[in-house]
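Subject: Structure handover

Hello,

Here is the structure we talked about. Please open it alongside these notes.

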Amino acid sequence: MRAIANRSKWLFALIGLFLFGLCILGYRFFTNAEGWTGMKYNKHLFESGTLVSGGKILDREGVPLAYNEDGARRFNDDRAIRMSTLHTIGDLEGYISTGIHARYKSVLTGYSYIDGLYNTVANGSGNDITLTISAELCATAYRALDGRKGVVGVYNYRTGEVLCCTSAPSFDTRNRPSEQEVKENDSYEGVYIDRFVSGEYVPGSIFKIVTAAAAIDNIPDIYSQTFECDGEYNIGEGIVKCNGVHGKISFEKALSHSCNCAFAQIAEQLGNQKLQEEAEKLGFNDSSAAGGNYLNFTGNKIDLSKAKKLDLGWAGIGQYTTKVNPCRYLTLVGAIANGGASPKPYVVSKITTSSGIKVFSQKTKLMDEYMSGETASKLKKMLRFDVEDVYGDWSFPNLEMCGKTGTAEVGGDKRPHAWFVGFSQREDLPLAVVVIIENGGSGSGNAIPVANRVMQEAKKLYEN
Amino acid sequence: MKKNRYFFLMLLVTLFQAICLFEIILKLEATDLRYPAIAFGGYILLEWIYFIIHRGIMRSQSFEVELIGFFLSGIGLAITVSVYPEKSIIQLAAILLGFAGYLVLLWILKDVERCMKLRYIAAVGSVGLLGLTLMLAKFTNGAKNWLYFGGMSIQPSELVKVAFVFVGAATLEKLQSTRSLTRYIVFAVACIGCLFLMYDFGTALIFFFTFIVISFLRSGDIRTIVFICVIAALGAVLILMFKPYVASRFSSYMHIWEDVEGGGFQQTRTLTYAVSGGLFGLGLGNGELRNIFAATEDLVFGVVSEEFGLIIAFSIMLTYVGLLAYAIKNSKSVHSTFYSILSVSAAALLLFQAAVNVFGVSDLIPFTGVTLPFISRGGSSIMGCWMLLSFIKAVSFKEKGAATK
């Protein structure tokens with residue numbers, strides 16, 4: 001009897017093995033549940049492959065951008081709204097991985113680890129997501145781009161809510177281009193990429209904001225210096241060309257006139273290390289701020305470690321290997337407007353169950369401080385001076401804009417990218433804007449009109 | 001104190017079953033209400049009559065094993081009634097028959113001498129039944145394991161399972177001679193061979209596992225056990241090599257997500273719907289897995305997860321563990337090795353079968369399509385389970401000739 005009892009204790013090993021298997025099973029359930037429930041054969045959510053229980057995606061005013069009707073997923077009826085918000089809300093096929101449909105799939109289907117799909121099954125629909133963007137504003141921005149590739153982004157630099165983010169090229173979900181077309185037709189180049197959060201561009205002259213910030217922080221007498229510009233600056237190894245002949249020019253005038261000679265000299269005074277350090281303080285080479293329930297943008301990238309003297313001169317005017325992301329750069333001008341730190345940009349303002357219970361509400365969260373309040377206010381003055389001195393307030397009626405244009409050379413025989421970054425300094429209109437038009441020509445001639453048109457439309461949202 | 005505890009637990013089990021009935025009735029058309037009401041009414045009545053006789057009149061102490069049986073069978077009944085209201089009565093009848101078998105076996109087991117005599121009949125009957133199945137049965141879903149009598153169908157392997165444990169424990173009790181061991185091996189090979197020829201690999205595996213457990217408990221000879229396992233593994237490899245059809249049955253193993261409309265169809269549906277229920281389930285009748293083929297049999301773990309929730313589904317798994325732990329714990333105080341071996345191997349069989357079912361359907365191991373003890377729909381299966389339960393219960397026989405005092 002004892003022997004049998006002792007031998008039977010070996011069967012505890014079987015129990016152990018069984019419990020181990022249960023643990024693996026539990027772990028697999030936990031880690032895969034979201035993906036498993038999202039399978040297209042899941043009849044709780046899909047009917048012949050179409051999401052039928054997904055919640056609505058609404059703009060800031062409650063305009064439906066995507067919703068379910070008669071067993072099918074539908075997008076807004078207005079073509080311009082569909083085109084301009086495509087990348088933000090994403091396609092149903094999942095090609096646009098940064099869109100709401102992909103990133104918030106389990107929210108839309110109403111899945112939770114605790115309740116599974118209980119709420120979805122009980123209410124017939126998952127959670128609704130309200131966005132911060134304005135459909136009308138996005139459509140305006142899309143029209144302003146007028147078929148050109150590029151990005152328009154507007155956000156509130158006090159709260160972080162993104163009012164407009166449009167990426168072109170886009171496509172109409174009602175008339176999706178075939179794989180063949182996307183591959184062969186150049187007008188669809190990078191169509192699945194949301195350029196606002198994922199695009200990486202040569203900054204050109206908008207980078208002079210970074211160089212200027214470095215000068216303010218590192219060169220004590222920068223405001224009393226004057227720079228000589230005769231159309232080009234000889235560094236020894238080569239020359240940096242300017243966009244004009246500015247003669248004797250001050251620091252502030254150098255920024256407003258975007259004098260390459262002056263900024264090459266400033267970069268030279270700073271040296272590789274100081275400029276690199278300042279850029280990193282301003283959030284370059286950092287991707288920690290993105291993600292979660294905030295926008296998941298790519299970082300700005302700079303590496304001056306191998307830059308020779310001439311390279312440094314070009315780097316000071318944004319024409320080296322440096323790359324910037326429109327959304328990330330928007331936070332840089334936003335930080336200037338907001339006294340040194342920008343809120344994290346976001347597009348999801350709240351999530352409610354289909355029965356109207358709020359389950360998530362976005363909160364403003366500041367990113368790490370980019371600069372001191374003093375530096376911010378000095379830069380703000382300079383950016384305001386740019387508009388007053390060169391672009392003209394008539395370009396931005398009633399906006400009290402501050403900003404900087406850029407005309408980024410992209411090499412070859414291609415036209416340069418046209419940039420504008422800036423913000424309104426009006427207390428009642430705390431909005432910053434970024435515009436880039438790929439191969440659009442000069443920043444002042446092409447990006448400024450788009451920025452103005454979008455900001456005028458955005459202003460209306462703050463006037464009611 | 002203890003008595004009150006079991007009374008309280010029985011109340012909980014009954015309450016659970018009453019809620020199930022309520023949920024089923026909510027989902028059904030008014031005309032169909034009769035069958036669920038009869039099935040659950042009859043079942044709850046059975047539970048309480050037994051409880052009152054057992055605890056009140058016979059003043060027995062242990063009630064763990066029956067409680068688990070009642071709880072699990074109740075969940076199985078609820079799912080069957082909910083998915084196939086018209087089959088409510090058949091399922092209840094199967095439980096009643098199984099329970100009758102349970103009582104009869106308990107009576108038989110009380111006399112060890114009687115068991116020794118019966119073992120020949122059981123052995124010959126088992127091999128005969130399996131042989132008959134092999135000759136008469138036609139392939140149903142890839143295996144030849146069903147016999148049809150008029151309108152009735154039985155799965156002989158489920159009943160032979162009971163005899164297999166019984167014969168094993170009884171044969172080895174009598175004589176620890178080479179002859180008795182050889183006889184048991186011949187018997188085991190005959191049974192497992194028949195199952196292989198029926199292509200019922202899941203059940204064959206369960207028989208083989210049971211054979212190993214019984215042999216080990218009896219002999220304690222690890223080397224021989226390892227030797228047998230190696231031989232069996234070689235045999236399995238040979239079969240897979242020479243019978244490509246067999247190997248193809250398992251080709252989707254670990255690749256179910258690459259073939260969701262083919263070989264991975266049932267497993268992927270089970271997993272998706274199992275997690276769709278979350279921790280607390282969608283409620284009885286609100287699931288989608290029930291519409292998939294074999295949902296109430298092979299895939300029933302997914303149905304339980306989806307409709308009752310993962311907490312209950314995993315708790316059910318723990319009840320099988322509880323049965324084996326109970327058998328092991330009590331095996332040292334029982335007066336006959338026959339009872340210890342009978343009880344431990346029956347509990348190990350149920351646990352192993354649950355593992356083959358649940359881990360198979362969730363792709364941790366190859367999917368072979370065996371039933372989940374007590375929960376899966378099917379008369380033969382539920383009867384077999386209740387009879388095995390009487391073996392586990394036998395470990396509580398404290399003195400010769402006296403049960404559960």
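The expected span of a helix is 1.5 Å times one less than its number of residues. Keep that in mind for chain A. Note also that this is a predicted model.

Start with helix H12 of chain A, residues 260-281. A straight helix of 22 residues would span 32 Å. The end C-alpha atoms of H12(A) span only 23 Å. Where does H12(A) bend? The bend is at A:Gly271, by about 100 degrees. Just after H12(A), A:Gly283 has a positive phi of about 95 degrees.

Next, the packing of H12(A) on helix H13 of chain A, residues 309-316. Their axes come within 8 Å and cross at roughly 105 degrees. Angles of 65 to 115 degrees count as roughly perpendicular, so H12(A) and H13(A) are roughly perpendicular to each other. From H12(A), the contact uses A:Phe263, A:Ala264, A:Ile266, A:Ala267, A:Glu268, A:Asn272 and A:Leu275. H13(A) meets them with A:Leu312, A:Gly313, A:Ala315 and A:Gly316. By class, that contact has seven nonpolar, three polar and one charged residues.

Now the contact between the chains. Chain B gives 35 residues and chain A gives 34 residues. Which elements of chain B give two or more residues to the side that touches chain A? They are helices H8 (201-219), H11 (265-276), H13 (310-330) and H14 (337-361) of chain B. H14(B) supplies the largest share of that side, eight residues. By class, the side of chain B that touches chain A has 22 nonpolar, eleven polar and two charged residues.

Best wishes

How values were computed. Residues numbered from 1 in each chain as written. Chains lettered and ligands numbered in written order. Predicted model: local features only at pLDDT ≥ 70, side-chain atom pairs only at ≥ 80, totals over all residues. Contact = placed C-beta atoms within 7 Å. Helix = DSSP H or I, 4+ residues; strand = E, 2+ residues; numbered from the N terminus. Nonpolar A, V, L, I, M, F, W, Y, C, P; charged D, E, K, R; others polar. Bend = angle between axes of the 7 residues up to and from the residue. Axes fitted to C-alpha atoms, helices over the stretch in contact; angles between N-to-C directions. Parallel < 35°, antiparallel > 145°, perpendicular 65-115°, else oblique.
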